[in-house]
Amino acid sequence: MADFLSTSVSGLNSVQRALDVLSHNISNAYTEGYSRQTVTLSTRVPQQTGQGSIGSGTALTDVSRAFDQFLNGTLQTALTEQGRLQQRDSVLGQMEDILGDGSNGLSRWMTDFFNAAQDVANNPSDVAVRTSFLGMASSLADQVNTLDRRFAELEQGIDRQASRTGSEINEMTGELSKLNATIVDLRHTFPDHEPNDLLDRRDLLLRNLSEKVDIKTFNDGEGNVNVTLGNGEWLVLADRQNPIVVAPTATGTKVLVQNKGQSKDITSQVTGGELGGLLRAKTEVLDPLRAELGRVVLSFADAFNTQHALGDDLDGNQGSASFFTVDGLSPSFVGQPKVEPAASGVTMSITNIDELSASDFSLKYVSNQWNLYKVGDDTPIMSGVSGSVAVPGEGITIDLSSLPDPPAAHEPREIVIRPMAGVMRDFTMGVTDPRAVAAATDGAGPGDNGNMLALSGIGSQQDVVHGDSSLNNAFANLMAGFGSEARGTRVSLDAQSLLVTQTQDRRESSVGVNLDEEAANLVRLQNHYMALSKSISVADTLFQSLLQAAS
């Protein structure tokens, strides 16, 4: 009867452990990242007798977790793209708020300004109308300044968010490296069993990390999951972490990876996840749009100043060539540097406004020479540059005579050149006296309006921007392009969010806890437990009867 009792007790112990696992499942049904666990029961080694092989009960041999490598990888990839699109959409949404629509944006202020100019053309001798016109011109300048300031604030906000995201990435990779060490240690201690809850935690961290930045993962067979950025730079190698640094520098926001005390610039290789979305929204949308707006404003100011200088004011004096002052036109500019770092000694001048492309440029010391690139391109537009260089087709001249060749260890090897930097910030009024408005054609007398008619028509003049476009068309094309980008991003985000939801649902269906199934299993195990308890009770009764009979 001892075998009967032992067999029943083994089953009871196994069912007790199964109930423990079942209870763990139910308790964690809503725990993020938890995977359903199941038990494996096996028969114990039977007793060999002269009457045959007699079973000796059951044993719980393993507790495993449900896991789908394909769905896990698919979800990580989907989260990376969702994170990128979410941040891009957020930046574009804030830019939409800054730009406004046709009723309150810069184009409306420009229209109001030209309408006020037409009012002066209709009443060229009326000082009150001229005063109103100057007030509208001042409001236009304020609007341009405010627009640039808000863009600058948005850029600073992007930098702060990118820095926070970098810190979050480091927190995750630090925990991943520690989890690797713990998991490997447990696998060595219990080689036939997996630390399921720790594996769930590590998988959840990897999914969260993939939402922040594009990563690749590799299992080394020892229990470690090694993590690299999409370009192959290590973030986690076994129990070692390589942290990143995200910070603004003289040449823009940089992402550096730290490895054994050395820093490597990997900015151009971070393209996905929230961090990639922030950086790319800044370099692909915000910076180009600010530069393009600066080019339009610069072209407008140049055209207006040129025409204004051709007329006479109310006192018969020649019109000022500085009705508006703006970086590139005003020699007194002391604002945002066009060359960063400024201490490099490189200077830049605009030589042809009609050729300006609103591009930014970088000088990089590569293969023992200075090469000139458009920011974002890997192929130089000029190689081996030195001295004073006129950049073909770009309307600028760069003087790098002061750059050392080669640069010393403490000297910069990259210089960023931004021709449109500061244009909108330093757009101001140069004429404040209403009598100084040059409304008359040269020599026609103070009551003439010929020059003012020409000034009021600059908005629709076809050769103002880039030599082949009107201000109206330039604004319309700029806003249409931005609107298309914003709508396209939003549509892509909606589609990607749906894909993430569907993938998460499939994963949950495959590896998550189904409370209905667990409830059914609970009833089944409860019946099993009660049957084994009854078996033990019977064994005990028989054993007691045997003892009484023997006495």
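A salt bridge is a side-chain nitrogen of Lys or Arg within 4 Å of a carboxyl oxygen of Asp or Glu. Keep that in mind for the first view of this predicted model.

**View 1. Glu414 and Lys254 meet in a salt bridge.** Look at the two side chains here: the N to O distance is 3.6 Å, and the cut-off is 4 Å. Between domain 2 and domain 3, the count is one salt bridge. The side of domain 2 that touches domain 3 is made up of one nonpolar, two polar and one charged residue.

**View 2. Domain 2 meets domain 3.** The chain splits into domain 1 (2–66 + 512–550), domain 2 (163–270) and domain 3 (338–419). Zoom in on the meeting place and you'll find four residues of domain 2 in contact with five residues of domain 3. About 320 Å² is buried between these two domains, with carbon and sulfur atoms giving 53% of that area. As for the C-alpha centres of domain 2 and domain 3, they sit 36 Å apart. No residue pairs in polar contact (both at pLDDT 80 or more) are counted between the two domains.

**View 3. Four strands make an open sheet.** Follow the order S14-S20-S16-S17, with antiparallel pairing. Strand S14 (339–340) and strand S17 (369–374) are at the edges with a single partner strand each, so one side of each has no neighbour in the sheet.

**View 4. Strand S16 pairs with S17.** Strand S16 covers residues 361–366, and six bridges join S16 to S17 as they run antiparallel. Which residue in S17 stands opposite Lys364? That's Asn371. In general, strands of a sheet pair through backbone hydrogen bonds, either parallel or antiparallel.

How values were computed:
Residues are numbered from 1 along each chain as its sequence is written. This is a predicted model: local features need pLDDT of at least 70, side-chain atom pairs count only at pLDDT 80 or more; totals for chains, interfaces and linings use all residues. Side-chain values use heavy atoms; hydrogens and water are left out. Domain bounds come from an automatic or database domain assignment. Contact means heavy atoms within 4.5 Å. Buried area is the accessible area (1.4 Å probe) that two parts lose on being put together, summed over both. A polar contact is a pair of N or O atoms within 3.5 Å; within protein, one must be able to donate a hydrogen and the other to accept it, and residues adjacent in sequence count only if both atoms are side-chain atoms. Ala, Val, Leu, Ile, Met, Phe, Trp, Tyr, Cys and Pro count as nonpolar, Asp, Glu, Lys and Arg as charged, and the others, Gly among them, as polar. Two strands pair if DSSP finds at least two bridges between them. Helices (H or I, at least four residues) and strands (E, at least two) are DSSP runs, numbered from the N terminus.
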